[in-house]
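Biologist: Could you show me the model, please? I would like to go through it step by step.

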Amino acid sequence: MASAFLLDMTRCIGCEACVLACKAGNQLPVNTQYIELIEHTSGTFPDLVGGFQNHRCYHCADAACVAVCPTGALFKEDGLTRLNPDACSGCGYCVQACPYGVPKMQNGRSTKCDACASNVSGGGSPWCVTTCPAQALEYGDRDEIIAKANSRVAELKDRYPKVQVYGETQAGGLGLIVVLPDDPAMFDIPTDPQPVPVSVDIWKGVVQPVSMGLTAVAAVGAGVLGVIARRNHLAELKELEAREKAGVPAGGSESTEEEQ
Ligand code: SF4
Ligand code: SF4
Ligand code: SF4
């Protein structure tokens, strides 16, 4: 079963209760938070519109962070993207690759929301969901969450003509389904998120050793084939020498008593 969050931005009042509950519940250090309320302005002067984004991990099905993580510290489980900090090497590739700019490095390790894995496995709910006073957050079966989001959109059409569900298809389908009252751009959210091309460090750290490994395998293979070819060649020379000594012409065969 794939699980997901529902975040209804038509209900979110920006109170930050989810931010604080997440920090306290997950015992995050002072300078670490998994949820950020980011203010932004859109439009052109003088028709500027202010708003904020409830920024957190989108739990992409095709998670770029998981794809580039060389140690398996980031992995998918129940449709969500988990992080095992003990397995993190601190390479920072996930930070570079995430199209939403979610993972952050703290004390040499990646850090991001893991959907309160320990809480949820014991039958609880993520801390942010249990705390939201505006019922802007829910958590549950992804299909049911999507149905709820679509039903919210149908209810809100008159009030918000551009209201829409975000996350059904983006990045292979997100584990954070968002009801947006306007276009994603109005919330600084990419309409079609793409993995960010990682820097040359990735090539140096991951691709190059792999390709060098393949080259080494190819070289070993070529060496083995060379030894076999040389052995065959020497065997042919020995056979030729023996034939010459026996007076048998090249390409001919030694006669047997039956043939005579
Ligand atoms: S939003 Fe970023 S960190 Fe979260 S699953 Fe997607 S790629 Fe990974
Ligand atoms: S920094 Fe990110 S990509 Fe690198 S090992 Fe840690 S979790 Fe994986
Ligand atoms: S607790 Fe709920 S209303 Fe408050 S910022 Fe978080 S999602 Fe929005």
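Modeller: Accessible areas come from the Shrake-Rupley method with a 1.4 Å probe. By that method, the protein chain of this predicted model has an accessible surface of about 14900 Å². Carbon and sulfur atoms hold 55% of that surface.

Biologist: How many helices and strands does the protein chain have?

Modeller: The chain has 7 helices and 10 strands.

Biologist: And what percentage of the residues is buried?

Modeller: Of the 260 residues in the protein chain, 36% are buried.

Biologist: Which residues have the most contacts inside the largest nonpolar core?

Modeller: They are Tyr58, Tyr100, Tyr166 and Val178, in a core of 41 residues. At least two residues of this core come from each of strand E1 (3-8), helix H1 (17-25), strand E5 (80-83), helix H5 (127-131) and strand E10 (176-180). Another core lies apart from it and has 11 residues, including Ile145 and Val163.

Biologist: Back to Val178, then. What does Val178 touch?

Modeller: Leaving out residues up to four places away in sequence, Val178 touches Leu7, Met9, Tyr58, Gln164, Val165 and Tyr166.

Biologist: Now the ligands. Which residues come nearest to ligand 1?

Modeller: Cys57, Cys60, Cys65, Thr81 and Cys98 come nearest, out of 14 residues around ligand 1. By class, this shell holds 11 nonpolar, 2 polar and 1 charged.

Biologist: What about ligand 3: which residues come nearest there?

Modeller: Around ligand 3 there are 13 residues, and Cys12, Cys15, Glu16, Cys18 and Cys132 come nearest. The shell of ligand 3 divides into 10 nonpolar, 2 polar and 1 charged residues.

Technical notes. Residues numbered from 1 in each chain as written. Chains lettered and ligands numbered in written order. Predicted model: local features only at pLDDT ≥ 70, side-chain atom pairs only at ≥ 80, totals over all residues. Heavy atoms only, no water. Near = heavy atom within 4 Å. Nonpolar A, V, L, I, M, F, W, Y, C, P; charged D, E, K, R; others polar. Core = buried A, V, L, I, M, F, W, Y, C linked by side-chain atoms within 4.5 Å. Buried < 20%, exposed > 50% of the residue type's maximum accessible area, 1.4 Å probe, protein only. Helix = DSSP H or I, 4+ residues; strand = E, 2+ residues; numbered from the N terminus. Contact = heavy atoms within 4.5 Å.
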